[in-house]
Amino acid sequence: MIPNISAIMAANEAVEQKRIDSENAMAINTCIMQGKTLQPIEYKVIVQPDLVEETDEAIKRFKSLGMELPAAEKERDKMKQITGTLVSVGGNAFSDMDAPVPKVGDKVYFAKYAGLTLQADDKTEFRLMNDKDITGVLI
C-alpha cells in the first residue's frame, strides 16, 4: 500500500504549526540575558515576579534607617508566598502533574526564595525554578 502523500504533508504541516504556536506562546515575556533568550530545560520554568510595594510605614522607616529586622520578623518574611507570571517552561515541566497545570501567561504562587534570581538585560527580574516550586495557579 502506498502512503497518501497529501496526508503525510498535512501531518507535517500540523507538526510545524504546533511548533510555531509553541514558540509564539513562549514570547509573552522573554528573559534576554547578554543579548540571548534564556530557555529553561527539563523540569525548569521561568517566572516573572510581580512587583511588591512595602505598605507598612513602620517597616519602611525601619529599613530606611539601616536597622535590621528582628529575628521573628525575618522568619515570618521567609514564609511568604509571592505571585508572578509564568513566562517560559522547559520540555518536561508539569508533565507529571494533575490538573490544573499552569500555562505560559498564568499568574502563579511560589515560595519567596524559590529558584535562582536572574536579572535580564532590561533590568527586569526573573526566577528560574523547578516546576514543583510553583505552589498554586490563580484561575
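These legends describe close-up views of a predicted model.

**View 1. The largest nonpolar core**. Twelve residues make up this core: Val45, Val47, Ile82, Leu86, Val89, Ala93, Phe94, Val108, Phe110, Ala114, Met129 and Ile134. Two or more of these residues come from each of strand 3 (44-49), strand 4 (81-89) and strand 5 (107-111). Strand 4 contributes the most, with three residues. In soluble globular proteins, nonpolar side chains tend to be buried together.

**View 2. The salt bridge between Asp50 and Lys107**. The structure holds four salt bridges. In this one, the N to O distance is 2.8 Å. Asp50 sits in the loop between strand 3 and helix 2 (57-64), while Lys107 belongs to strand 5, 57 residues apart. Asp50 has a relative accessible area of 25% and is partly exposed; Lys107, at 34%, is partly exposed too.

**View 3. The salt bridge between Lys132 and Asp96**. The closest N and O atoms are 3.2 Å apart. Lys132 lies in the loop between strand 7 (125-130) and strand 8 (134-138) and Asp96 in the loop between strand 4 and strand 5, so the pair ties together parts 36 residues apart in sequence. Asp96 is partly exposed, at 48% relative accessibility.

**View 4. The salt bridge between Asp106 and Lys103**. Here the N to O distance is 3.9 Å. Asp106 counts as buried, at 18% relative accessibility, whereas Lys103 is exposed, with a relative accessible area of 53%.

Note on methods: Residues numbered from 1 in each chain as written. Predicted model: local features only at pLDDT ≥ 70, side-chain atom pairs only at ≥ 80, totals over all residues. Heavy atoms only, no water. Core = buried A, V, L, I, M, F, W, Y, C linked by side-chain atoms within 4.5 Å. Buried < 20%, exposed > 50% of the residue type's maximum accessible area, 1.4 Å probe, protein only. Helix = DSSP H or I, 4+ residues; strand = E, 2+ residues; numbered from the N terminus. Salt bridge = Lys/Arg side-chain N within 4 Å of Asp/Glu carboxyl O.
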